[in-house]
Amino acid sequence: MLADYGFNATLTAKPGMGSRLVDLLLTGLDEGSPGASEHCVVYLVSRSASDPDVVHVTEGWTSEEDHHRIFAGEAAQAIVARIAGLLAKESEYTDYVPVLGKAAF
């Protein structure tokens with residue numbers, strides 16, 4: 001399955017809260033969570049090498065519509081609400097249309 005829609009998000013946690021933010025974002029892969037959806041084909045959480053409170057999330061979805069539908073659900077909204085309390089500032093998003101690439105874990 002290919003990703004036809006995606007985005008990168010940069011989230012800056014309050015000082016010292018980067019690990020908690022990472023842990024919370026990784027719950028997005030739990031059964032019933034957005035990242036576990038068949039429509040989410042890429043869900044990558046990364047940390048800045050120079051600032052442990054800066055976290056990057058890369059997501060790839062089968063379509064923009066699938067992403068919006070899944071994120072309107074209760075599980076996604078619960079994660080979003082919990083994330084808000086950990087952030088030092090507004091998250092930055094860059095949307096994109098994937099062309100081709102590789103991810104092997």
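What is the volume of the largest pocket? In this predicted model, in which local features need pLDDT of at least 70, side-chain atom pairs count only at pLDDT 80 or more, and totals for chains, interfaces and linings use all residues, residues are numbered from 1 along each chain as its sequence is written. Side-chain values use heavy atoms, with hydrogens and water left out.

The largest pocket has a volume of about 480 Å³. A pocket is here, on a 1 Å grid over the protein atoms alone, an open set of points where a 1.4 Å probe fits, with protein on both sides within 12 Å along at least five of seven lines, and its lining residues have an atom within 4 Å of a point; grid points are joined across faces, edges and corners, and a volume is the space filled by probe spheres set on the points. The lining of the largest pocket is made of 18 residues, and Ala-3, Val-42, Gly-101, Lys-102 and Ala-103 are those nearest its centre. Strand 2 and strand 3 each supply at least two residues of this lining, and the largest share, four residues, comes from strand 2. Helices (H or I, at least four residues) and strands (E, at least two) are DSSP runs, numbered from the N terminus. By class, the lining of the largest pocket divides into 13 nonpolar, three polar and two charged residues, where Ala, Val, Leu, Ile, Met, Phe, Trp, Tyr, Cys and Pro count as nonpolar, Asp, Glu, Lys and Arg as charged, and the others, Gly among them, as polar.

The second largest pocket has a volume of about 400 Å³. It is lined by 22 residues, of which Leu-11, Phe-71, Val-80, Ile-83 and Tyr-93 are the closest to its centre. Two or more residues of this lining come from each of strand 1 (5–12), strand 3, helix 2 (64–71) and helix 3 (74–84), and helix 3 gives the largest share, six residues. The lining of the second largest pocket has 15 nonpolar, five polar and two charged residues.

In helix 1, the buried residues (under 20% relative accessible area, with exposed meaning over 50% and partly exposed in between, for a 1.4 Å probe and protein chains only) are Gly-18, Leu-21, Val-22, Leu-24 and Leu-25. These residues lie on the same side of helix 1, because they cover an arc of only 165° around the axis, the arc being that of the directions from the helix axis to the C-beta atoms. On the other side of helix 1, Arg-20 and Asp-23 are exposed. The cover over the buried residues of helix 1 includes strand 1, strand 2, strand 3 and helix 3.

An α-helix has 3.6 residues a turn, so residues three or four places apart point the same way.

Val-55, in strand 3, is buried, with a relative accessible area of 0%. Leaving aside neighbours within four places in sequence, Val-55 is in contact (heavy atoms within 4.5 Å) with residues including Gly-18, Leu-21, Val-22 and Leu-25, which are among the buried residues of helix 1. Val-55 and Thr-10 are 45 residues apart along the chain, yet their C-alpha atoms are separated by 5.8 Å.

Ser-37 and His-39 belong to the loop between helix 1 (18–26) and strand 2. Ser-37 is buried, with a relative accessible area of 15%, and His-39 is buried as well, with a value of 19%. The backbone nitrogen of His-39 lies 3.0 Å from a polar atom of the Ser-37 side chain, while a polar contact of 3.2 Å joins the side chains of His-39 and Asp-66. A polar contact is a pair of N or O atoms within 3.5 Å; within protein, one must be able to donate a hydrogen and the other to accept it, and residues adjacent in sequence count only if both atoms are side-chain atoms.

Pro-52, in the loop between strand 2 (40–47) and strand 3 (54–61), is partly exposed, with a relative accessible area of 48%. Not counting residues up to four places away in sequence, Pro-52 touches Gly-18 and Arg-47.
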